[in-house]
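Colleague: I am new to this structure. Could you take me through some of the terms used for it?

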Amino acid sequence: MILTLVEKDLEGAPVEVSLEALTLARTLSAEGGGIPVDAVVVASGGQSVSDELRKQLAEYGVRTVYEIQGEAASAYAGAAWASAILSVREQSKSVVVLAAGTDRGNELMAHVAARAGVAMAANVLSFHGLAPFTVTRQVLGGAALEEMVLDQRPAVFSVAGHAVEAKPAETPGAADVVEVSPEIAVADLVARVVSTDEPETDESGGLKTARVVVGAGRGAGGPDGFKDIEELTSLLGAALGVSRVVTAAGWRPHHEQVGQTGTRISPELYVPCGISGAIQHWAGCSSAKTILAINTDPEAPMVTRATYAVIGDLHEVVPAINAEIRRRRG
């Protein structure tokens, strides 16, 4: 059996990436001779499996929907939820346990793998071969791919977001709901969510869609070192993006951060100023069509990977560029 964790949104509907994970699970099922695909859903926040949710899971070929109830479902607790998922796994006799590669999905699969004493593959893109079962996964923020053999059972992994197109099954499943109230150890409830707050407004939208982005890193020198960079950003009608070092130091707000832990951009032109180009940042800007790097270090990763580069101090180069743009515009 293949057991897939299905996460829900605030309205109780399955999130898109969980439907993608179910799609991959069906492909794996077909390769294995049609073994059943089951789903496990946590009835958190008082949201039980609705008729609409059951219908959607049926459309994606799910045979049985295991609904975790009881104390484990009262609030998110990684250890408790993983314990409950393993209880379902034992009940369903699943040889594969997977989830979408969300923060929560990766955390829970890591817990499940550790408790089962097996390896876990995060952010899987595809698989090939069942004996041994081999998966291809993203590493380094998607900058590289890695093949990994999962030769223990259960095979535990998460599916990278949007690596698979979510598609309903040709033949719907029964999606019979089975309620499960597993016993949870007190120790597994020590770390759990006790309250939630409304998230800050996402102000990164302009950065994601900008055709031109001007970046700034440690080379700015401090919170007062962005005047010329901001002027260049204005002159080019661009958006301002910065490195993690800059936001970690409190020089600029987090919504301006470009990188694996920030915003991923794909502009026509990216002008990183004083950014060395660590992998974390490169994961966010690698989709830029053209990169013009300004840096004092000719060996900096950003410079060596850039389409064009100007070797010099950004505090000298950027004002000169600004002056020339103003001159040409009269």
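Colleague: What stands opposite Leu269 in E13?

Modeller: In this predicted model, the residue opposite Leu269 is Thr290.

Colleague: What makes strand E12 and strand E13 a pair?

Modeller: Two strands count as paired if there are at least two bridges between them. E12, residues 269–273, and E13, residues 290–295, are joined by three bridges in the parallel sense, so the pair meets the cut-off. Strands of a sheet pair through backbone hydrogen bonds.

Colleague: Which sheet do these strands belong to, and in what order?

Modeller: They are part of an open sheet of five strands, ordered E11-E10-E12-E13-E14, with parallel pairing. From one strand to the next the twist averages 20 degrees.

Colleague: Why are E11 and E14 said to stand at the edges?

Modeller: E11 (239–242) and E14 (308–311) each have a single partner strand, so one side of each lacks a neighbour in the sheet.

Colleague: How do you know that helix H10 lies across this sheet, and at what angle?

Modeller: Contact requires heavy atoms within 4.5 Å. H10, residues 314–328, lies across E12, E13 and E14, and runs at about 125 degrees to E13.

Colleague: Which residues of helix H6 are called buried?

Modeller: Buried means under 20% relative accessible area. In H6, residues 227–235, the residues Ile229, Leu232, Thr233 and Leu235 are buried. They cover an arc of only 165 degrees around the axis, so they lie on the same side of H6.

Colleague: What does the face turned away from that side carry?

Modeller: That face carries Lys227 and Ser234, which are exposed; the cut-off for that word is over 50%. The buried residues of H6 pack against strand E10 (212–216), E11 and H10. Just after H6 comes Gly237, with a positive phi of about 60 degrees.

Colleague: How many bridges join E5 to E6?

Modeller: Five bridges join E5 (residues 120–130) to E6 (residues 133–139), and the two run antiparallel. At least two bridges are needed, so they count as a pair. Val124 has Arg137 in E6 as its bridge partner.

Terms used
Residues are numbered from 1 along each chain as its sequence is written. This is a predicted model: local features need pLDDT of at least 70, side-chain atom pairs count only at pLDDT 80 or more; totals for chains, interfaces and linings use all residues. Side-chain values use heavy atoms; hydrogens and water are left out. Helices (H or I, at least four residues) and strands (E, at least two) are DSSP runs, numbered from the N terminus. Axes are lines fitted to C-alpha atoms, for helices over the stretch in contact, and angles run from 0 to 180 degrees between N-to-C directions. Buried means under 20% relative accessible area, exposed over 50%, partly exposed in between (1.4 Å probe, protein chains only). The arc is that of the directions from the helix axis to the C-beta atoms.
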